[in-house]
Amino acid sequence: MTDLLTSTLDHLQALVAFDTRNPPRAIGADGIFDYIRAQLPSFAVEVVDHGAGAVSLYAVRGAPKVLFNVHLDTVPDSPAWSADPHTMRRLDDRVVGLGVCDIKGAAAALIAAANACDGDAAFLFSSDEEANDPRCIAAFLARGLTFDAVLVAEPTQCEAVLAHRGISSVLMRFAGRAGHASGRQDPAASALHQAVRWGDRALDYVASLDAERFGGLTGLRFNIGRIDGGIKANMIAPEAELRFGFRPLPSMDVDGLLATFAGFAEPAAAHFEETFRGPSLPSGDVARAEERRLAARDIADAFDLPIGNAVDFWTEASLFSAAGHTALVYGPGDIAQAHTADEFVTLDQLQRYADAVYRVIDGGSRT
């Protein structure tokens, strides 16, 4: 085991011990942020509390050209964990603990690599990624700082991801007319029937887009996550609520998709609201998105990072891309382990990531 990996594991054990579950969004500007500040004595450090559990720590040394971003919040643990999720367990080839894969392992490696050399470096740690409320990134981007590249840490098996889907979440409400269900119904009488018919049309439309492609991704990902409404089996439902989400390709028009989905409601939905939107990576129209993807590929090549396939999951790298930065996703671990009980990351992945970060930082002052 190398000194760099040993240091990474020591920091990771400390980071896992801090409870940064999100929800409940009860993360403050002390705790894990005090720890990180203390571990970066050669850096100028700023900690900002943006409210609602959103805290950011920006650490800079020298005049860096690359920004590393990693979130410190985790999803809640589940009853299926076999041991205390906030006590990291070291096994032969891996470590187990809440957040080790998504994505405190990367945070620990950043700290270890920074202390193993004296190159220029910039880190942005945040605590609201799991909340679909990116206050930290929005506030940071508002500062207008410039970098040649932004490397956002998420589990990509230490491969540079240059493209991923966007994400949109929508709330719909349907209004009907309560009544006895024994007679022949007007098709618009039941709010639940409206919702079910809407879902049938939406699913057929999504299937029609299966041949759409961008950067190795195909089709539109779509999910009806929840339908609520009605009173009992023999009463016509006077109201219903439906929540759905979709993940478009970078080449797809999100506003156009929203208008199409809204148009499938007959009669028109009583309420149609996009509750969250995250842009695709890269962002922009088709030509601009491809230009940004190629620029990110050049960055990966310059840092000798292996390039992986585009992915279906969303990351905050798209927020940096939308703001004009050349951004890519790169981190240790497998996304299949994220948000699972007994979450783990292998030692090999942590070593690979720490080595890559060290290489970028140690050479940063000379490029």
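Q: Before we start, what does "partly exposed" mean here?
A: A residue is called buried under 20% relative accessible area and exposed over 50%, and partly exposed covers what lies in between; this is a predicted model, and in it Asp-348, with a relative accessible area of 43%, is therefore partly exposed.

Q: Which residue does Asp-348 meet in a salt bridge?
A: Its side chain meets that of Arg-352, at 2.8 Å from N to O, and Arg-352 counts as partly exposed at 49% relative accessibility. Both residues lie in helix α9 (residues 347–364), where they are 4 residues apart, about one turn of the helix.

Q: And what does the pair Asp-342 and Arg-89 tie together?
A: These two side chains form a salt bridge of 3.0 Å, N to O. Asp-342 sits in the loop between β16 (327–329) and β17 (344–346) while Arg-89 belongs to strand β4 (residues 89–90), so the pair ties together parts that are 253 residues apart in sequence.

Q: Switching to α5, which of its residues are buried?
A: They are Ala-191, Gln-194, Ala-195, Trp-198, Gly-199, Ala-202 and Val-206. Looking down the axis of α5, these buried residues fall within an arc of 135°, so they line one face of the helix, whereas Val-196, Asp-204 and Ser-208 are exposed on the other side.

Q: What covers that buried set?
A: The cover for the buried residues of α5 includes β8 (167–175), β12 (221–229), β14 (239–247) and α6 (254–263).

Q: What happens at the start of α5?
A: There, a side-chain oxygen of Ser-190 reaches to within 3.3 Å of the backbone nitrogen of Leu-192.

Methods. Residues are numbered from 1 along each chain as its sequence is written. This is a predicted model: local features need pLDDT of at least 70, side-chain atom pairs count only at pLDDT 80 or more; totals for chains, interfaces and linings use all residues. Side-chain values use heavy atoms; hydrogens and water are left out. Buried means under 20% relative accessible area, exposed over 50%, partly exposed in between (1.4 Å probe, protein chains only). Helices (H or I, at least four residues) and strands (E, at least two) are DSSP runs, numbered from the N terminus. The arc is that of the directions from the helix axis to the C-beta atoms. Contact means heavy atoms within 4.5 Å. A polar contact is a pair of N or O atoms within 3.5 Å; within protein, one must be able to donate a hydrogen and the other to accept it, and residues adjacent in sequence count only if both atoms are side-chain atoms. A salt bridge is a side-chain nitrogen of Lys or Arg within 4 Å of a carboxyl oxygen of Asp or Glu.
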